[in-house]
Amino acid sequence: MSLLIRSSYVSQFHTRNSKPSSFSDQTPSKSPFFSSFNHNPLINLVYKRNPRMQSLSFPSSMTVKSSLIDPDGGELVELVVPDSEIELKKKEAESMPKVKLTKIDLEWVHVISEGWASPLKGFMREDEYLQSLHFNSLRLKDGSLVNMSLPIVLAIDDQTKEQIGVSKNVALVSPQGDIVGSLRSVEIYKHNKEERIARTWGTTSPGLPYVEEHITPSGNWLIGGDLEVFQPVKYNDGLDHYRLSPKQLRKEFDNRKADAVFAFQLRNPVHNGHALLMNDTRKRLLEMGYKNPILLLHPLGGFTKADDVPLDVRMEQHSKVLEDGVLDPETTIVSIFPSPMHYAGPTEVQWHAKARINAGANFYIVGRDPAGMGHPTEKRDLYDPDHGKKVLSMAPGLEKLNILPFRVAAYDTVEKKMAFFDPTRAKEFLFISGTKMRTYARTGESPPDGFMCPSGWNVLVKYYESLQESDDSSKQQQAVVSA
C-alpha cells in the first residue's frame with residue numbers, strides 16, 4: 001500500500017509509522033490542493049490531484065502507512081512456467097502454428113511475463129486493446145480500473161493468420177529461431193494502424209521512431225491470448241544482472257527495509273542535475289519522517305531511437321556515478337526497465353508510472369516533457385512539456401501512486417555547479433539539454449565543471465570517439481572501393 005489516504009480515513013489514520021511532530025509544521029491544516037480523491041502527506045513535494053475540489057481540514061498530528069504498494073489487480077503476474085513443466089510445454093508448442101517475433105515483440109514478452117503490465121496475462125485481445133486505446137485503462141471483473149495507457153499487442157501478417165487457421169494455441173519463436181513460449185486461447189482481430197498511431201501519439205506525421213521501426217512494417221492483424229514463457233528472457237549482453245523483475249525488486253526493497261521507494265526513469269546519462277534532484281528528494285522524504293527511502297534508478301532498456309545513447313554505455317556511466325559517490329550505493333538500486341520506448345509523451349508516461357507500481361515503487365518522479373520528443377516534421381516539441389505531469393496527476397488507475405514533480409535544475413554559472421533554478425537570477429543559469437550534452441561529448445568539447453562527474457563524462461567521450469573512429473574507417477573503406 002502506498003501513502004494514498006482516501007477520504008474515508010481523513011478523521012482517523014490506522015498505521016504503523018508515526019510521523020514526527022515537525023511534520024505538522026510543514027502540513028497546513030487546509031490546502032486548496034487537498035482533495036478527497038488523493039490525500040498525500042508530502043504537501044510541498046508531491047504533485048496533487050484535483051486542485052479544484054473542496055479543500056479539507058486535517059488534524060495537526062497524523063500517521064500514515066508506508067509499506068510497499070500493492071501491484072495492480074492485487075497480485076503480481078508471473079508467466080514463466082515451472083521447471084517441472086518446461087519439457088512438456090515445449091513439446092506441445094512444437095506442434096502448434098508458429099508466430100515469429102521481432103526484437104521488440106520479444107521485449108514485450110519479457111515485460112508481460114515478469115508482471116510489469118499486471119494484471120495483463122498476455123498480448124491483448126480485442127476488448128482489452130480497445131479499452132487501452134480509447135480509455136487508457138482496463139476494467140477488471142470486480143469493477144475496478146487499472147491504468148493501461150499503451151496497447152500491448154502482437155501483430156501478424158496475412159500468411160501467418162492463414163497458417164494459424166482455427167488453431168486456438170500458437171508457439172512464439174524468437175528472432176534467433178527458438179521457441180520461447182506460447183499464446184493460448186488466441187483471438188485474431190484487425191490491426192487498424194492509422195487509428196492506433198493517431199490515438200497513441202496524437203499525430204500520424206512521418207518520422208515517429210517506434211512507428212517506423214515496429215508498427216509500419218508489421219502485419220495487418222493482431223493476435224491476443226494467454227502467454228506462457230518457457231524460460232526467463234535473457235539477452236546475454238553482459239547486462240542481464242541489472243534486469244531485476246518486479247518480484248526481485250520487491251524482495252530487494254524488503255531486504256533493505258525500505259519504508260518508501262521513489263522511482264526515477266531516464267534514457268540519458270545521469271548528470272549532476274539529476275543527482276541533485278534525486279538526493280534532494282531523499283532528503284525531503286527523510287524530513288517528512290521516513291527512515292529509509294530507497295531510490296530506484298531505472299533506465300529504460302528496450303528499443304530507443306538511433307541517436308539516444310546505447311544502453312551499455314548508459315549503464316557504464318551510471319556505475320561511475322555510484323562509484324564516485326554522486327549517488328549513494330547503499331540507498332540506490334540500479335536496474336533496467338525492459339520496456340521499449342514509444343516517445344508518446346503524456347500517453348506513455350502513464351505506462352512508465354503504472355509499471356513502477358507493479359515493481360513496488362510508491363513515489364514516481366516526473367519531469368519536463370516526459371517520454372517526449374521533438375516534432376518529427378516541425379521545429380517544436382511534439383507535446384506540451386507540462387502535460388505529462390498534469391496527466392499523471394489525474395490519470396485513472398494511478399490514484400495510489402504519489403507523483404513527485406521534477407524541480408528544474410540548471411548550471412549555476414556563479415556557483416559553478418548544478419543547482420535548482422532560481423527565476424530571480426535567471427540570467428546566471430545555463431540550461432544544458434540532453435541534445436546539447438550529446439553534442440559536447442560528440443565534438444570533444446568539455447561541459448562546465450560540475451555538470452557531470454569526470455569518470456562518467458569520460459565514458460560518453462570514449463563512446464563518441466569510437467563512433468567517429470568507426471565512421472572514419474567506413475569512409476576510408478568506401479574511398480578504397482571507389483578507387
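Analyst: A residue counts as buried when its relative accessible area is under 20%. The model is predicted.

User: Is W108 buried or exposed?

Analyst: The cut-off for burial is under 20% relative accessible area. W108 has a relative accessible area of 1%, so W108 is buried.

User: Which aromatic pair ties helix α3 to helix α11?

Analyst: The structure holds 10 aromatic pairs. One of them is tilted, with 5.9 Å centre to centre and 55° between the planes, and is formed by W108 and W351. W108 lies in α3 (residues 103-114) and W351 in α11 (residues 345-359), so this pair ties together parts that are 243 residues apart in sequence. The pair asked for is W108 and W351.

User: What is the relative accessible area of W351?

Analyst: W351 belongs to helix α11. W351 is classed as buried, and its relative accessible area is 0%.

User: How many residues apart in sequence are the parts tied together by the pair of F337 and W351?

Analyst: F337 and W351 form a tilted aromatic pair, 6.1 Å centre to centre with 40° between the planes. F337 is buried, as is W351. F337 lies in the loop between β12 (332-334) and α11, while W351 lies in α11 itself, so the parts tied together are 14 residues apart.

User: Which backbone atom of W351 does the side chain of S149 reach?

Analyst: S149 sits in the loop between β5 (145-147) and β6 (155-156), and its contacts beyond four places in sequence are S132, N136, T347, E348, Q350 and W351. A polar atom of the S149 side chain lies 2.6 Å from the backbone oxygen of T347. On W351, the side chain of S149 reaches, at 3.1 Å, the backbone nitrogen.

User: Why does S149 count as buried?

Analyst: The class requires a relative accessible area under 20%. S149 counts as buried because its relative accessibility is 2%.

User: What is the order of strands in the open sheet?

Analyst: The sheet has 5 strands with mixed pairing. Its edge strands, each pairing on one side only, are β3 (98-100) and β6. Between β3 and β7 (residues 169-173) there are 3 bridges in the parallel sense, whereas β8 (residues 179-190) and β9 pair antiparallel over 8 bridges. The order is β3-β7-β8-β9-β6.

User: In β7, which residue is the bridge partner of K100?

Analyst: The strands β3 and β7 run parallel and are joined by 3 bridges. Within this pairing, the partner of K100 is V173.

User: What angle does the direction of α3 make with that of β9?

Analyst: Helix α3 packs on the sheet and touches β3, β7, β8 and β9. The angle between the direction of α3 and that of β9 is about 50°.

User: How many of the 9 residues of strand β9 are buried?

Analyst: In the sheet, β9 stands between β8 and β6 in the strand order. R184 stands opposite D226 of β9, and 2 bridges join β9 to β6 in the antiparallel sense. Strand β9 (residues 221-229) is largely enclosed by the rest of the structure, because the number of its residues that are buried is 7.

User: Near what value is the phi of Y343?

Analyst: Y343 is placed in the loop between β12 and α11, and it is buried, with a relative accessible area of 0%. Most residues other than glycine have a negative phi. The phi of Y343 is positive, near 60°.

Methods: Residues numbered from 1 in each chain as written. Predicted model: local features only at pLDDT ≥ 70, side-chain atom pairs only at ≥ 80, totals over all residues. Heavy atoms only, no water. Helix = DSSP H or I, 4+ residues; strand = E, 2+ residues; numbered from the N terminus. Buried < 20%, exposed > 50% of the residue type's maximum accessible area, 1.4 Å probe, protein only. Polar contact = N/O pair within 3.5 Å; in protein donor to acceptor, adjacent residues only side chain to side chain. Contact = heavy atoms within 4.5 Å. Phe/Tyr/Trp six-rings, centres within 6.5 Å; stacked < 30°, edge-to-face > 60°. Pairing = 2+ DSSP bridges. Axes fitted to C-alpha atoms, helices over the stretch in contact; angles between N-to-C directions.
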